[in-house]
Amino acid sequence: MTPTPASPPAPAVADSSDRFAIQCEVLRLSIRPIGPVLLAQYLLNCGVATLFAWQVSLPRALAWIALITGVTVMRGFFPQRLPEPFTPASLREAQRKHTLRTAIWELAHGLAGVLLFDPARADLQLLLGLIIMGMTLSSAFSVSFYTPATQLAITLLLAPIIVVGLWLGAPVMAAVAVIGIGLTAMMWKLVAERSRQLEENIGLRLNEHRLREQALAGLRASEQAQAERLRFFSAANHDLRQPVMAIGLQAEVLRQQLNDGASTEAVQHTVGSLARAQQALEGLTNQLLEIGRIEAAVDPLRPTSVALAPLLHELARQAGNGRVLVRCPPDAIAWSDTVSLRRVLANLVDNAVKFTPRGRVLLAVRSRRRSAGRAWRVEVRDSGIGIAPEAQQRVFDDFEQIGNVERNLQRGHGLGLAIVRRLAAQLGIEVSLRSAPGRGSVFAFELPAAPEGATATSPSVAPAAMKDDGTDTTRRLRPGLAVLVVEDNAVVADSLSALLRQWEVEPRVYASAAEALALADLRALDAALCDIRLPGALDGIALAERLQRQKPSLAIALISADINEATQRLATERGWHALRKPVQPEELRLLLLGAQHRARS
């Protein structure tokens with residue numbers, strides 16, 4: 001923890017916006033109504049005028065009180081009106097107007113030093129000087145809080161008596177005039193100091209108000225986020241239970257069919273239903289995991305040059321059936337994170353295909369000229385069911401689906417566009433939607449063009465029946481292939497063993513790394529499947545390193561539900577595989593075919 005300083009500096013003016021707010025507040029305080037004070041001052045002025053009318057001159061006293069009456073009416077009945085809201089220009093204009101009004105007010109009071117001055121009587125001169133100095137002390141705290149206005153007012157109040165006292169006054173009056181000069185300087189400094197303290201207090205009050213507003217906004221945001229999380233997990237719980245329930249029911253049906261000797265066709269139908277429910281469950285869990293990884297920002301963005309044409313053609317090929325067409329200039333090279341961009345486009349294409357029962361989907365790229373430079377506009381066009389205007393914003397929310405009220409699991413869970421929204425925010429792009437019911441939809445966004453001369457990356461596409469190491473994926477596994485399985489979850493270990501035996505592969509199953517290293521015959525192994533999270537001192541990665549040192553030719557795969565980018569990169573560097581749970585049977589079979597190919601070569 002960082003120690004708190006004993007005496008923190010005063011937050012006088014944090015920045016220009018704070019300074020502007022403080023000046024606005026100072027001006028509001030300076031023109032606020034002061035009716036009782038104004039009346040008291042006017043009555044005192046009448047008393048002074050009466051005294052000097054009797055002692056000096058009635059006409060001059062009447063002239064002075066007429067001036068005082070005029071400025072009092074101006075200040076009391078015609079106050080300055082401030083613009084709302086303030087702008088920098090209107091604030092400066094209001095300050096100038098306030099300074100002028102304050103100067104007129106105090107100059108009228110200061111003219112007493114001329115109109116009520118009697119050159120023949122030193123006692124009255126001294127009395128007048130003291131009265132005006134008293135006015136000065138009063139004005140310093142009541143006439144204004146705006147420093148330039150107050151300093152000018154004090155100067156105009158004292159200047160007449162100082163000038164006349166030095167010019168026509170008796171020696172004692174000249175001394176008082178000199179004191180008045182010192183009083184003027186002192187009052188200037190006092191006014192400046194008082195204004196600084198006032199501005200600091202206003203700044204503290206504004207900062208306290210801002211912090212209170214931020215705290216309230218944070219509380220409201222927290223409550224909204226809590227409500228959103230509750231809605232999210234409630235929807236996730238609902239959709240997770242659907243395939244889980246289907247799996248449980250179909251498993252019971254399968255058990256009864258096997259007990260009753262049902263036909264092969266009936267059993268295959270039940271197994272197919274089980275497989276579809278499992279795929280729906282896996283798809284949902286993968287999407288939930290992806291949302292969690294996006295929000296946790298565990299996969300850092302690595303912008304690079306991305307060739308759009310190969311990427312779009314690969315996505316079109318994966319969609320299958322020739323339903324997705326591509327129209328992209330061959331020189332379309334964008335600057336973005338390849339992995340995140342692929343995920344955005346894959347989700348948009350998947351969404352377009354699912355909600356386009358007939359017709360085709362078009363992936364189009366066009367060049368755009370922007371002030372920041374060249375850009376590429378990417379559009380995913382479909383001729384599907386379309387989206388009503390009032391629902392277009394909601395489609396990017398979690399678990400929102402248009403045209404799937406029945407929540408058909410085969411049409412997704414309403415998370416694809418929610419993932420697109422989160423990824424787009426990370427990439428700094430905005431996905432727009434143009435659609436109408438029955439007329440299809442167009443999802444579009446713009447990507448900045450890659451810098452000139454940058455080397456573009458494009459996805460590599462392997463042949464359908466060939467793995468990237470040349471393994472023929474159509475071949476059968478060799479009976480007796482020895483596979484080490486290190487998995488501490490008994491249910492998962494039993495399932496892997498059953499599948500491997502079905503392929504006539506010999507599994508060697510152990511529950512920990514220490515047990516595998518102590519009991520397994522490494523020389524007879526062809527492949528090793530290592531769960532990353534294992535009990536004991538050695539995890540799956542440490543086990544894989546030891547296995548590789550003891551048998552470099554061994555095919556090794558790390559298995560985990562949370563394979564991240566760092567683990568994937570480590571596996572690639574070491575020549576291992578990384579399989580995310582739940583492992584797909586075909587993915588596992590490809591790995592074993594590669595191990596078989598390596599053992600024979």
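The model is predicted: local features need pLDDT of at least 70, side-chain atom pairs count only at pLDDT 80 or more, and totals for chains, interfaces and linings use all residues. Residues are numbered from 1 along each chain as its sequence is written, and side-chain values use heavy atoms, with hydrogens and water left out.

**Chain overview**

- The chain holds 17 helices and 12 strands; helices (H or I, at least four residues) and strands (E, at least two) are DSSP runs, numbered from the N terminus.
- Buried residues (under 20% relative accessible area, 1.4 Å probe, protein chains only) make up 42% of the 601 residues.
- Contact means heavy atoms within 4.5 Å; among contacts between residues at least 6 apart in sequence, 72% join residues at least 24 apart.

**The mixed sheet**

- An open sheet of 5 strands has the order β2-β4-β5-β7-β6, with mixed pairing; two strands pair if DSSP finds at least two bridges between them.
- Its edge strands, each pairing on one side only, are β2 (324-327) and β6 (432-435).
- The twist averages 25° from one strand to the next, with axes fitted to C-alpha atoms and angles running from 0 to 180 degrees between N-to-C directions.
- Strand β7 (residues 441-448) is antiparallel to β6, with 4 bridges between them; A444 in β7 is the bridge partner of S432.
- Helix α10 (residues 308-319) packs on this sheet, touching β2, β4 (361-370), β5 (373-382) and β7, and its direction makes about 170° with that of β2.

- Strands β8 (residues 482-486) and β10 (residues 527-531) run parallel and are joined by 4 bridges; V486 stands opposite C530 in β10.

**Nonpolar cores**

- A nonpolar core is a set of buried Ala, Val, Leu, Ile, Met, Phe, Trp, Tyr and Cys residues joined through side-chain atoms within 4.5 Å.
- The largest core has 40 residues, and L308 and F445 have the most contacts inside it.
- Elements giving two or more residues to this core include α10, β4, β5 and β7, while α11 gives the most, with 7 residues.
- Residues touched by L308 include L341, W376 and L447.
- Apart from this core lies another, of 35 residues, among them L38, V71, M135 and A140.

Notes. Buried < 20%, exposed > 50% of the residue type's maximum accessible area, 1.4 Å probe, protein only. Lists of a residue's contacts leave out its neighbours within four places in sequence.
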